[in-house]
Amino acid sequence: NASDYKGGKVFFCCGNCKKKFDDAPAALSVKANHQLVLTGQAKQAKCPLSGGPCKEDKVVEVGGAKVFFCCDNCKGKVASAKGDEQAALVFSDAAFEKGGFKVAK
């Protein structure tokens, strides 16, 4: 069970979950964007908070996915957040766009 999303594939446990996503992808965009990164389909180009250049030593693991930041302020903001709040900071559609996340062709 998979759906095309932002040039990649998002996978589901069952047809009901796939239908829920297909009917309203915006409602599940944080989870879908996270999955694209976690599965290695989407690559990050910039800081998802500032849009600035990432630094290799400014990294936080968010739900198993390494996310890079431009500075300690951005890194700290995400590191101090928990759960859904943390995921939304870096995987919302706005952060995904600002971070330059793209699915490799």
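**Contacts, core and rings**

Author: Apart from neighbours within four places in sequence, F91 is in contact (heavy atoms within 4.5 Å) with S29, V30, N33, H34, V37, V62, A65, V67 and F96. This is a predicted model, in which local features need pLDDT of at least 70 and side-chain atom pairs count only at pLDDT 80 or more, while totals for chains, interfaces and linings use all residues. Residues are numbered from 1 along each chain as its sequence is written, and side-chain values use heavy atoms, with hydrogens and water left out.

Reader: Why is V67 called buried?

Author: Buried means under 20% relative accessible area, exposed over 50% and partly exposed in between, with a 1.4 Å probe and protein chains only; V67 has a relative accessible area of 0%, so V67 is buried. V67 lies in strand β5, where strands (E, at least two residues) and helices (H or I, at least four) are DSSP runs numbered from the N terminus. Between V67 and F91 there are 9.8 Å in space, C-alpha to C-alpha, and 24 residues in sequence.

Reader: What makes the largest nonpolar core, and which residues have the most contacts inside it?

Author: A nonpolar core is a set of buried Ala, Val, Leu, Ile, Met, Phe, Trp, Tyr and Cys residues joined through side-chain atoms within 4.5 Å. The largest one has 26 residues, and F69, V78, V90 and F91 have the most contacts inside it. Two or more residues come from each of α2, β4 (55-62), β5 (65-69), α3 and α4, and α4 gives the most, with four residues.

Reader: How many aromatic pairs does a search of the whole structure find?

Author: The search finds four. Rings of Phe, Tyr and Trp (its six-membered ring) pair if their centres lie within 6.5 Å, and planes under 30 degrees apart count as stacked, over 60 as edge-to-face and the rest as tilted. For F96 and F101 the centres are 4.7 Å apart and the planes at 10°, so this pair is stacked.

Reader: What makes the pair of F12 and F21 tilted?

Author: The planes of F12 and F21 are at 40°, with 5.3 Å centre to centre, and the pair is tilted. Both F12 and F21 are buried, and together with Y5 they form one aromatic cluster.

Reader: How do helix α3 and helix α4 pack?

Author: Helix α3 (residues 72-80) and helix α4 (residues 83-91) have their axes 8 Å apart, at an angle of about 145°. In this packing, K77, V78 and A79 of α3 meet Q86, L89 and V90 of α4.

Key. Axes are lines fitted to C-alpha atoms, for helices over the stretch in contact, and angles run from 0 to 180 degrees between N-to-C directions.
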